[in-house]
Amino acid sequence: MNFWERLYFPAIFQGMGITFRHMFKKKETIFYPEVEREFSENWRGMHSLKRDEQGRERCTACGLCALSCPAEAITMIAGERQKGEEELYREEKYAAVYEINMLRCIFCGLCEEACPKEAIYLDGPIVPADYLRKDFIYGKDKLVEEPLKA
């Protein structure tokens with residue numbers, strides 16, 4: 001190695017050249033939440049439990065979504081529909097308790113594919129950040145979509 005190579009000046013100038021080239025490139029940073037990221041068509045967001053045209057819950061508590069979930073993030077307890085609840089639930093059996101642990105969910109979409117009633121979709125927004133683990137267990141209060149207003 002000659003004198004200049006031993007001082008590492010060529011390596012330093014080469015590194016500085018790379019740094020200056022990157023300074024003038026387009027920045028890839030997205031300043032969330034001020035700027036929203038564009039999502040692809042097959043984006044899988046937060047889960048939502050759908051309603052039918054009459055505003056009744058589609059879920060019949062068959063349990064196929066919970067069985068197909070590889071992370072075992074879905075738990076449900078089935079309940080029987082009572083008299084007078086015909087406008088709330090489609091079938092005689094419904095999900096009395098439906099919970100998804102968002103910390104365990106891997107957003108694979110298998111629950112969406114397994115549902116025969118098309119009751120669950122991964123079409124929601126990004127799961128919001130939180131500080132407590134218990135706040136990531138979403139029940140029907142957060143998952144069921146609002147009924148259509150006539």
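The side chain of T19 comes within 3.0 Å of the backbone oxygen of G15. The structure described here is a predicted model, and the points below are grouped by topic.

- In sequence, T19 and Q82 are 63 residues apart, and their C-alpha atoms are 69 Å apart in space.

**Aromatic pairs**

- Three aromatic pairs are found when the whole structure is searched.
- One of them joins F9 and F13: the ring centres are 6.0 Å apart and the planes stand at 20°, so this pair is stacked.
- F9 and F13 are four residues apart in helix α2, which spans residues 9-23, and this separates them by about one helical turn.
- F9 is partly exposed, with a relative accessible area of 32%, whereas F13 counts as exposed at 58%.
- Another stacked aromatic pair is formed by Y89 and Y94, with 3.8 Å from centre to centre and 15° between the planes.
- Y89 and Y94 are both buried.

**The nonpolar core**

- In soluble globular proteins, nonpolar side chains tend to be buried together.
- The largest nonpolar core in this structure has 23 residues, of which I74, Y98, I100 and I120 touch the most other members.
- Strand β3 gives the most to this core, contributing three residues.
- Apart from residues up to four places away in sequence, Y98 touches L49, C59, C65, I74, T75, M76, I120, Y138, G139, K140 and L143.

**The annotated binding site**

- An unreviewed UniProt entry carries the annotation "binding site" for C69, C105, C108 and C111.
- These annotated residues are spread over 43 residues of sequence, yet they cluster in space, with a largest C-alpha distance of 10.4 Å.
- C108 sits in the loop between β3 (93-101) and α4 (110-114), and C108 is partly exposed at a relative accessible area of 25%.
- With neighbours within four places in sequence set aside, C108 is in contact with R44 and P70.
- C111 is part of helix α4.
- C111 is buried, because its relative accessible area of 6% is under the 20% limit.
- With neighbours within four places in sequence set aside, C111 is in contact with H47, C65, S68, I74, I120 and L122.

- How many disulfides does the structure hold? The number is zero.
- The closest cysteine sulfur to that of C111 is in C108, at 6.3 Å, which is too far for a bond because a disulfide requires sulfur atoms within 2.5 Å.
- For C59, the closest cysteine sulfur is in C65, at 6.1 Å, and this too is too far for a bond.
- C59 is buried, with a relative accessible area of 12%.

Terms used
Residues are numbered from 1 along each chain as its sequence is written. This is a predicted model: local features need pLDDT of at least 70, side-chain atom pairs count only at pLDDT 80 or more; totals for chains, interfaces and linings use all residues. Side-chain values use heavy atoms; hydrogens and water are left out. UniProt positions are given in the numbering used here, feature names are shortened, and annotations may be inferred rather than shown by experiment. Helices (H or I, at least four residues) and strands (E, at least two) are DSSP runs, numbered from the N terminus. Buried means under 20% relative accessible area, exposed over 50%, partly exposed in between (1.4 Å probe, protein chains only). Contact means heavy atoms within 4.5 Å. Rings of Phe, Tyr and Trp (its six-membered ring) pair if their centres lie within 6.5 Å; planes under 30 degrees apart count as stacked, over 60 as edge-to-face and the rest as tilted. A nonpolar core is a set of buried Ala, Val, Leu, Ile, Met, Phe, Trp, Tyr and Cys residues joined through side-chain atoms within 4.5 Å. A polar contact is a pair of N or O atoms within 3.5 Å; within protein, one must be able to donate a hydrogen and the other to accept it, and residues adjacent in sequence count only if both atoms are side-chain atoms.
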